[in-house]
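Colleague: Hi! Could you walk me through this one in plain words?
Modeller: Happy to, let's open it up.

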Amino acid sequence: MVGYPSETREDFLMTKRLIRKIHPDIVAISITTPMLGTDLYDFAKENRMLNITTYSDFGYYGQNSPLKLEHLTNEEVVEFKKKIVVEYFKNLYKNIFKYINIFLLRHGQKRKFYFSIIKRSLKARIKWLNF
């Protein structure tokens, strides 16, 4: 999650470094959303941090932060979310060859063909995400 009430730019950079270090197989990044009935919602309401007015504004995968944050703007939170996803794909792109090298070595002449498919697939996915 990005956009937690106390999150700072330094926290974001630590998250980005962690993704680079641990090489996760998959990531799912969402913007912190204080759902009705949760302690986070009550906290945000008490501290006048809610950036939303109707129930339809809630959503885990939205493109706006439902919280007014002390250290980050809405635009920064959205940008951080994108940067973490891009970091994941860069990491995947760099490391995928390491993980499938044994498979590719077994296929001799087809190795370049498989590399080109993987490369095009990853580039298309990043382009599709509009990053």
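**A chat about the model**

Modeller: Let's start with helix 2 (residues 39-46), where the buried residues are L40, Y41 and A44. Buried means under 20% relative accessible area, exposed means over 50%, and partly exposed lies in between, with a 1.4 Å probe and protein chains only. Helices are DSSP runs of H or I with at least four residues, strands are runs of E with at least two, and both are numbered from the N terminus.

Colleague: Why do the buried residues line one face of helix 2?
Modeller: Seen down the helix axis, they fall within an arc of 100°, so they line one face. That arc is taken from the directions from the helix axis to the C-beta atoms.

Colleague: And which residues are exposed on the other side of helix 2?
Modeller: Those are D39 and E46.

Colleague: Before I go on, what sort of model is this?
Modeller: This is a predicted model, where local features need pLDDT of at least 70, side-chain atom pairs count only at pLDDT 80 or more, and totals for chains, interfaces and linings use all residues. Residues are numbered from 1 along each chain as its sequence is written, and side-chain values use heavy atoms, with hydrogens and water left out.

Colleague: Got it. What follows helix 2?
Modeller: R48 does, and its phi is positive, near 55°. R48 sits in the loop between helix 2 and helix 3 (74-105).

Colleague: Why point out a positive phi?
Modeller: Most residues other than glycine have a negative phi. R48 is a residue other than glycine, yet its phi is positive.

Colleague: Is R48 buried or exposed?
Modeller: R48 counts as exposed, because its relative accessibility is 73%.

Colleague: New topic: where is E87?
Modeller: E87 lies in helix 3. With a relative accessible area of 8%, E87 is buried.

Colleague: What is E87 in contact with?
Modeller: Leaving aside neighbours within four places in sequence, E87 is in contact with K16, I19 and R20. Contact means heavy atoms within 4.5 Å. E87 and K16 are 71 residues apart along the chain, and their C-alpha atoms are separated by 6.9 Å.
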